[in-house]
Amino acid sequence: MSLGVILLIHNALDRVEQVARHWATHGVPVVIHADSRMPNSRYQMLIKGLSDLENIRFSARHKCEWGTWGLVAASQSAAEVMLQEFPSVRHVYLASGSCLPLRPVEELVQYLAERPNTDFIESATLADVPWTIGGLDHERFTLRFPFSWKRNRRLFDLCVDFQRRFRMHRQMPDGLIPHMGSQWWCLTRQTLTAILQDPRRGIYERFFRQVWIPDESYFQTLVRLYSRDIQSRSLTLSKFDFQGKPHIFYDDHLQLLRRSDCFVARKIWPYADRLYNAFLTPQPDALNRTEPNPGKIDRIFAKAVERRTQGRTGLYMQSRFPNPDWENGFTASEYSMFEGFSELFEDFESWLGRLTGARVHGHLFAPERVNYEGGVKVINGALSDSAALRDRNPRAFLTNMIWNTRGERQCFQVGPADHIQEVEWDIAKDPNAQICVITGAWAVPLFRSNLDFSEIRRTAAELQRRESRHLDVLRSPYAKARIHIWSLAEFVEAPMEPLQAIIGEIGQTDKRRLTEAPKMVNLTGFAQFLQNLKNQGMHPYLTGDFPNTLEEREKPRKPRKPYLVK
C-alpha cells in the first residue's frame, strides 16, 4: 500500500477507533499518537479495541497543547514509526482524531499514486499569509514563547512585551525562510525522511521549540529544503471563522461536504452519527475521480462569516450585541421622527396616517407611557406600553419596534420632555431615520395651558435647554439621518412647502401638491406670550423671530403686476 495515515488523537476514542478501522480495513497502515494527558486506562482500551488489526501501530506519547512544540514532536514520533514499520508507504497523511474520510479510500490511494513525487502541504511565506489572527506574524519567529498562550495568557503577554521593550530578536537558523500553512499535510517518504534525518535537525528543533504555533511552520518551512514538487495546499478540508477558530461540521452539513469533493474533512462533531454512517459505509460505484475543490463551498462559508459578524440589518444577536458599532444597521427599515408637529397641529397624527398609509404613533418616549397608534397597549413583538420597560433599554425598545413592524413605515412624535436622551445619538446616526424638527414648538402647549406664569417660565427654560442640547446632537457631523429643522416662526409662515417635502420623502404615492393641510392650533396672542417670557428674563430664541413674522403677515400685500406675454 502506497499510503499511510497518522492520527493525532486526544478524545472521542469511539470515533477514533471507527475511523482507524475504516482506514486499516481498506489496506492503509495507521499510526496513532495519543496525547499523554489522556488517562492510561482509556488508552489501553483503545489499543485493545484495535488489536485485531495488524496494520495499526501506536507511537511514543507526548503532551500536546495548542500552539506548543508537543504537536510537532507527536507528528515526528508517529512519522518515524510509520517509515520504519511500513516500508511500502510512499505518502504519509497527517490527520486528527476528528478527521473523517469523505471519499472512498481507493480514490485517495490512486490520486497519490498518480503523483508519486508530490508533497501536499500548505506552505506560504509570511507576506502571502492573510489568515493569521492575533497580531503575531514575523514576531512568532523572532521572539521566544516559553509560556502557553492558553494556560498562562498573562505570562505569555508579559514575555512578549518584555522582548519588545528590550528589542530582543532571534535569527532564523542557516538562513531559513519562514513559511506557514495548515498543520495537516501529506508528504512523500523521501521528503519526510530527509526532514527527520537531517543532520541539522537538532538546530532546527531548538529554534522551533520556542516559535509560536510551530505545527503550522516547522514542516511548512523545512519542506522547502527537500521537496522536488510541492502542491501548496492541504488535501484536508478545514475551514476557520473570523476569529481563527475551526468550523465544526454537523449532521446537517452532509450535502455540503459531498459538494466539496475533498478526500478528508475536519473538524467533525463526534456525535454526528449521520456523517459517520454516510461516509464510512461502503458505497458501490461511488468513485468519481474528481479533483478536490473546497473552493466550491467557500461562498457558503463566507456567507456564514458575514452573517455571524454582521447579522441581519437591524436585528441584534449574541455575537454582535456586546460590541459597539458592530450592528449591521441600527434599525431594520426606514422610519420618521417628528418633533413639534403634534404640538402645532391638532390632528397631525391622523392627517399623516391618512395621507401616507404609515402607522403614526404619538409620543413613544413620553414619561408616563408609550403612546402607540390608537392607544393600544401592546403592538407587534409583544411590546407593551410600559414606560418602565421601555426606559430599561430604550435602544432595544426602538430597534425591536422597527424590526417587528418591518414592511410598514413607522412614524412617531417626540419632544424635549420625553425620555429620549439615551437613544438620540443612535437615531441621529441612523441612515434609516427621517427627523423633522420644529424648534420652539414646546412653547405652544405652555401658551395654551392655565399654569402660573412663574411655572411656565421655569418649564420653558428647562425645555429650551433640553431641546438646544438635542439640536447639537442632530447638527453633529456624525449624524447620518435625513434631518430637517425649522424654527416655529419659519414653519408657521409657510407650512405647506415643508409638509409637501416631508410627505414626498416618506414616499407618498400621490405626487400631486398637497391640497389638504392639518389643522393648526389657534395662535392668537402667542406673540405677546413670547414677549412676556422675554420680559421675565427667559428668551425663547428657538421659536424664531415670531413677533416680526406676525407683523409681516398682517401687512397688506401689494398687488403683483401681471406678466406680459409677447
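This is a predicted model: local features need pLDDT of at least 70, side-chain atom pairs count only at pLDDT 80 or more; totals for chains, interfaces and linings use all residues.
A crossing of two helices is right-handed if the near helix is turned clockwise from the far one by less than a right angle. Helix α14 passes α21 in a right-handed crossing.

Start with how the two helices lie. Helix α21 covers residues 496-506. The axes of α14 and α21 come within 11 Å and cross at roughly 50°.

Now look at the residues in contact. On the α14 side they are F348, W351, L352, L355 and T356. On the α21 side they are L499, I503 and I506. Several residues of α21 are buried: P498, L499, Q500, I502, I503 and I506. Just after α21 comes G507, with a positive phi of about 110°.

A pair of aromatic rings is described by the distance of the centres and the angle of the planes. Rings pair if their centres lie within 6.5 Å. The count by this rule is 34 aromatic pairs. Take F338 and F348. Their ring centres are 5.3 Å apart and their planes stand at 70°, so this pair is edge-to-face. Planes over 60 degrees apart count that way.

Where do F338 and F348 lie? F338 belongs to strand β13, residues 335-339. F348 belongs to helix α14, residues 348-356. The pair therefore ties together parts that are 10 residues apart in sequence.

The cut-off for buried is under 20%.

F348 also pairs with F345. Here the ring centres are 6.1 Å apart and the planes are at 25°, so the pair is stacked. The limit for stacked is under 30 degrees. F345 is buried too, because its relative accessibility is 2%.

F338, F341, F345, F348, W351, W486 and F491 form one aromatic cluster. Two of its members, F348 and W351, are among the α14 residues that meet α21.

Two other rings have an arginine over the face. R115 lies over the face of Y111, at 3.7 Å from the ring centre. R153 lies over the face of W149, at 3.6 Å from the ring centre.

Key: Residues are numbered from 1 along each chain as its sequence is written. Side-chain values use heavy atoms; hydrogens and water are left out. Rings of Phe, Tyr and Trp (its six-membered ring) pair if their centres lie within 6.5 Å; planes under 30 degrees apart count as stacked, over 60 as edge-to-face and the rest as tilted. Helices (H or I, at least four residues) and strands (E, at least two) are DSSP runs, numbered from the N terminus. Buried means under 20% relative accessible area, exposed over 50%, partly exposed in between (1.4 Å probe, protein chains only). A charge sits over a ring if NZ of Lys or CZ of Arg is within 6 Å of the ring centre and within 35 degrees of the ring normal. Axes are lines fitted to C-alpha atoms, for helices over the stretch in contact, and angles run from 0 to 180 degrees between N-to-C directions. Contact means heavy atoms within 4.5 Å.
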